[in-house]
Amino acid sequence: MTVTLYVPRDAVALGLGANKVARALFAGAERRGLDVTIVRTGSRGLFWLEPMVEVATPEGRVAYGPVTLNDVDALLDAGLTTGGEHALRLGNPEEIPFLAKQQRLTFHRCGVIDPVSVEDYRAHGGYRGLEAALKLDAEGIVTQVRESGLRGRGGAGFPAGIKWNTVMLAKAEQKYVVCNADEGDSGTFADRMMMEGDPFNLIEGMTIAAVATGATRGYIYLRSEYPQAFATLKEAIANGVTAGVLGDDILGSGKTFHLEVRLGAGAYICGEETSLLESLEGKRGIVRAKPPIPALKGFLGQPTLVNNVMTFTAVPWILENGAKAYADYGMGRSLGTLPIQLAGNIKHGGLIELAFGVTLREVIEEYGGGTRSGRPVRAVQVGGPLGAYFPDHLLDTPLDYEAMAAKKGLVGHGGIVVFDDTVDMAQQARFAFEFCATESCGKCTPCRIGATRGVETMDKVIAGIRPDANLKLVEDLCEVMTDGSLCAMGGLTPMPVMSAITHFPEDFRRAGSLPAAAE
Amino acid sequence: MLRHEPWSAERASGIIAEHSHLEGATLPILHALQETFGYVDSGAIPLIADALNVSRAEVFGCVSFYHDFRKEPAAGRHEVKLCRAEACQAMGSDALHREILGRLGCDWHGTAADGSATVEPVYCLGLCSNGPAALVDGEPVAHLTADALEAALTEVRQ
């Protein structure tokens, strides 16, 4: 009898040697006369256990991890193919507390199925959302999205239903659905995991959006730093066309949706939706002034629905299970689940999908298990390079758009980067400016010039040159950037800078206290 | 190891023609040229401008705006992208990069003294729970150390 083994091909697993492990497992099984077939899956997002190998047994799946090349022979000798005992045996992966405690509405298939197989996707509940959508009219679909309370998961948190409604009502020959897969924020990888592990969930979500808005063409704008996701998406789209879930007659409905994946070219700013559209049109990724909004004049001047990967991938579940079921998760005006990405200096990093409202401390301590270095947590950056650095006393803040904003922070794309007590917050503040200077599109002055002046002024602070006066200058500069920038790049760079200065003032006076650095 | 064809205007014109029907064809063309030749030769700019009916300045602006596009071939045998973003910083990437650049004997965007690799900074590879991270010829490397990078450079050479 053929035994099925599952080995992830997620970029993290590959970065930890998953391809070698897969090859060794196959060769080792062959030598032992064992009949195995290996399915390459995405990751379940328990990244400290990668590469995590699973085997299908009559009692369900049994996981082993983290498996290195050196473990393969011992694992096969211990009876891995029948779920045998071994030090690396983790048992049923879904009973691992990190995973068992989650509320996986969006990620339930990720790491389980063959990502490029339409059959496998459908066997695990795929396309039920689109089937439900096809029974509704456009307005009915948009109503479901609106009533679910779904907000844009890219960072801005704009109500998805309102955007969908605007594009639906716009009159045009050609409308577009565009997925923002330019996941540039450090500490975020939910989009990547989804595109590598369950790309049809994204394809289905975009197809539902196309049906609702009357768009017949779609693009996934993917960052070039994700070559594995690019390959997986291309393969999935080609298989989708063959299977009739994309193309001129989706699921036999007579509706058309053509989807293509496009690569960015290493510009962080292209995660901003208007700059993304410029780039997709073949221009420099320069931010556009709004209005007009992309929902009315987007790609090539046509009405365009631009949503993040996580927004689109929430939609199939909502259509399948109903808006109310989704809105039952979460708190306040942040409804549904948030795929939280726990990263940086963390023992158990990975993807944690939970209803909004969980606190940062719960995520870091109960799921993350503290720092990887074993030293105390000192600072936590939430929401990417434009998000605030939180000190320990703010870690009881719940992950909720309004609650985070009240503490001068943001949820962003749900990335949490943990730093231990060796971090120098003055250097982190300097880096925020440096990153903005490197990645600014250059269109508006506060961002283009402000970021460079910010680096220079922070250098003076770090060198102990008139720290008080220069910090005052940084504060003033941050005010100008916040108020005067065209988009969030310049407008939010002050957030990490000011949070570092406010919550970690001691790091900005170190050099200043040295006698050699007297004024 | 990265292998590229020598620049040929004729070959470039063929690549441009293959893609020029696309909506917003510039980036797909530039990517295809770079994949073939390892960089975007200045000779390609008027060819693209002609094919897409845009000005040479617009095409040049595009090539220079995006970090990915090279205006000359990479001198190193391998392309190493080291992540400099916050999640990797939290795992000591700054010190690691100083060590790596020291061992290779080059700076950012530079090529190792022995020609083994050209090193580019990159801001986030999405491997943020397993930093420091790198891409070596497009292959991800997690939990990067200076020794692991040396090993990776030796291995991809085979």
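Two strands are said to pair if DSSP finds at least two bridges between them. Helices (H or I, at least four residues) and strands (E, at least two) are DSSP runs, numbered from the N terminus. In the model, L338(A) has L354(A) of β13(A) as its bridge partner.

This is a predicted model, in which local features need pLDDT of at least 70 and side-chain atom pairs count only at pLDDT 80 or more, while totals for chains, interfaces and linings use all residues. Residues are numbered from 1 along each chain as its sequence is written, and chains are lettered from A and ligands numbered from 1 in the order in which they are written.

## Chain A as a whole

Chain A contains 21 helices and 16 strands. Its radius of gyration is 24 Å, close to the 24 Å that the globule rule gives for 519 residues, so chain A is as compact as a globular protein of that length. The radius is taken over C-alpha atoms, and the globule rule is 2.2 Å times the number of residues to the power 0.38. Along its principal axes, the C-alpha trace of chain A spans about 80 × 60 × 40 Å.

A residue is buried if 20 or more other C-beta atoms lie within 10 Å of its own, exposed if 12 or fewer, and partly exposed in between, with C-beta atoms placed from the backbone. Of the 519 residues in chain A, 59% are buried. Two residues are in contact if their C-beta atoms, placed from the backbone, lie within 7 Å. Among the contacts in chain A with a separation of 6 or more, 72% are between residues 24 or more positions apart.

The domain assignment, which is automatic or taken from a database, divides chain A into domain 1 (3-100), domain 2 (118-327), domain 3 (330-420) and domain 4 (425-517). The C-alpha centres of domain 1 and domain 3 of chain A are 30 Å apart. Five residues of domain 1 of chain A are in contact with six residues of domain 3 of chain A. On the domain 1 side, these residues divide into four nonpolar, one polar and no charged. Here Ala, Val, Leu, Ile, Met, Phe, Trp, Tyr, Cys and Pro count as nonpolar, Asp, Glu, Lys and Arg as charged, and the others, Gly among them, as polar.

## The five-stranded sheet of chain A

An open sheet of five strands in chain A has the order β13-β12-β16-β14-β15, with mixed pairing. Strands β13 (350-355) and β15 (389-390) of chain A stand at the edges with a single partner strand each, so one side of each is left without a neighbour in the sheet.

| Strand pair | Bridges |
|---|---|
| β12(A) and β13(A) | six bridges |
| β14(A) and β16(A) | five bridges |
| β14(A) and β15(A) | two bridges |

Strand β14 (residues 377-382) of chain A is mostly covered, five of its six residues being buried. Its residue A379(A) has F419(A) in β16(A) as bridge partner, and Q381(A) is partnered by Y389(A) in β15(A). β14(A) and β15(A) form a hairpin with six residues between them, and G383(A) in the turn has a positive phi of about 90°.

I416(A) belongs to strand β16 of chain A. I416(A) is buried, with 31 other C-beta atoms within 10 Å. Apart from neighbours within four places in sequence, the contacts of I416(A) include G187(A), I340(A), L342(A), L360(A), V380(A) and V382(A).

## Contact between the chains

The contact takes 45 residues from chain A and 36 residues from chain B. On the chain A side, the elements giving two or more residues are α1 (11-15), β8 (258-263), α12 (273-280), β12 and β16 (415-420). The residues on that side divide into 22 nonpolar, 15 polar and eight charged.

In helix α3 (residues 44-52) of chain B, A44(B), L47(B) and I48(B) are buried. Seen down the axis of α3(B), its buried residues fall within an arc of 95°, so they line one face of the helix; the arc is that of the directions from the helix axis to the C-beta atoms. An α-helix has 3.6 residues a turn, so residues three or four places apart point the same way. The cover over the buried residues of α3(B) includes α1 (9-19), α2 (26-37) and α4 (56-65) of chain B. After α3(B) comes N53(B), with a positive phi near 60°.

E155(B) lies in helix α7 (residues 146-157) of chain B. E155(B) counts as exposed, with 11 C-beta neighbours inside 10 Å.
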